[in-house]
Amino acid sequence: MSIRNLLKLTFTTIVLMLAGCSGGVLDPKGQVGVDEKNLIILCTILMLIVVIPVIVLTLYFAWKYRASRDFEIYTPKWAHSTKIEALVWSVPVLIIIALGVITWRSTQALDPYAPLEGKGEHLTVEVVSLDWKWLFIYPEQGIATVNELVFPANKPIAFKITSENAMNSFFIPQLGSQIYSMAGMETKLHLIANEPGTFKGISSNYSGAGFSGMKFDAIATPTEADFDDWVQKVKQEDTALTSGSYKELAEPTENHPVTYYGDVSDGLFHEILMKYMKDHGSMDFYSKPDNAATGMRKAMPDMHKGHHEEVNE
């Protein structure tokens, strides 16, 4: 096979492989996803600075010092070259330093808990992972949906995420970062869609037999007016999401259909979040007491009183 044909075959293979990236992390539709794609590409290029020369030199040395070649200079006492050592060690060290700086800066810039700066007011969406479906609560609009997430394009979304039981991973590949949902805990994620469209959402963490069907559509409407129209459409539904109906919804089901709730009980997300913490009193996740002991006395006065009584006895 000629060199030209080999290059054509390689190019065709790369094109076909990249064609399969449509709809994934390498086809971002949001600013967070774009930044992450650029980070992946940059880090890959930096690592290839080492990988490609190693591959090329391995093949070159195998050819140059093949057994059938008998006219090379024989130097059995050669053992060291300062130039080669400097090159071999300096390049990887510089690359590691560059990767370290890039990783540090990108980790701060792409912090999922940090609101998106300069993008305006965020839309709050409370997310609960269930077996095996996703519940989305819109506290400001007073509605909820199952397996359908709708929001305006070019408007940042602030997700508050928890789980009914098993740990899952909330992920919209084309919009950016994934983050875990855990029972009794709240994680945060901030995303934005730079253009309208329908993007696939998944759980990227195995959580049981119905895990493979745990998918949802993330729909970015062209304008906020379109989003408001959708909200009004959902509000017309007669179904209400209360503590009682939530218990029914939480029962394990596979391939759950898209469901709308025109009304949601106030504080339902906090109730779900605290269901495993009810014996420890109420707590504020967004403030820190002056000291741990004072904070615990305020949260669990009865427990502290009983503890001191036992000690005194």
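**Charged side chains in a predicted model**

Good morning. Among contacts in the protein chain between residues at least 6 apart in sequence, 67% join residues at least 24 apart. Please keep in mind throughout that this is a predicted model.

Let me begin with the overall picture. The protein chain contains eight helices and 13 strands. It has 313 residues, of which 35% count as buried. The chain exposes about 19600 Å², and carbon and sulfur atoms supply 61% of that area.

I turn now to the charged side chains. How many salt bridges does the structure hold? There are four.

The side chains of Glu164 and Lys275 form one of these, with an N to O distance of 2.6 Å. This pair links distant parts of the chain, 111 residues apart. Glu164 sits in the loop between β5 (157-163) and β6 (168-171), while Lys275 sits in the loop between α6 (268-273) and α7 (292-299). Are the two partners buried or exposed? Glu164 has a relative accessible area of 8% and is therefore buried, the cut-off being under 20%. Lys275, at 33% relative accessibility, counts as partly exposed.

A further salt bridge joins the side chains of Asp217 and Lys200, at 3.2 Å from N to O. Here Asp217 belongs to strand β10 (residues 215-221) and Lys200 to strand β9 (residues 197-203), so the pair ties together parts that are 17 residues apart in sequence. Asp217 is partly exposed, with a relative accessible area of 28%, whereas Lys200 counts as exposed at 54%.

Next, a network. Which residues are linked in a network of salt bridges? They are Asp27, Lys29 and Glu195. Within this group, Asp27 forms a salt bridge with Lys29, and their closest N and O atoms are 3.6 Å apart. Asp27 counts as partly exposed, at 22% relative accessibility. Lys29 is likewise partly exposed, with a relative accessible area of 21%.

Finally, I would draw your attention to the surface. Glu121, Glu140, Glu224, Asp226, Asp228 and Asp229 gather there in a patch of negative charge. Where is Glu224 found? Glu224 is in helix α4, which covers residues 224-235. Its relative accessible area is 45%, so Glu224 is partly exposed, lying between the limits of 20% and 50%.

To conclude, the structure holds four salt bridges, one of which joins buried Glu164 to Lys275, and a patch of negative charge on the surface includes Glu224. Thank you for your attention.

Notes:
Residues are numbered from 1 along each chain as its sequence is written. This is a predicted model: local features need pLDDT of at least 70, side-chain atom pairs count only at pLDDT 80 or more; totals for chains, interfaces and linings use all residues. Side-chain values use heavy atoms; hydrogens and water are left out. Patches are made of residues with over 30% relative accessible area and no salt bridge: like charges are joined within 9 Å, nonpolar side chains (Val, Leu, Ile, Met, Phe, Trp, Tyr) within 5 Å. Accessible areas come from the Shrake-Rupley method with a 1.4 Å probe; for residues, only the protein chains shown count as cover. Lys and Arg count as positive and Asp and Glu as negative; His and the chain ends are not counted. The place of a charge is taken as NZ of Lys, CZ of Arg, CG of Asp or CD of Glu. Helices (H or I, at least four residues) and strands (E, at least two) are DSSP runs, numbered from the N terminus. Buried means under 20% relative accessible area, exposed over 50%, partly exposed in between (1.4 Å probe, protein chains only). Contact means heavy atoms within 4.5 Å.
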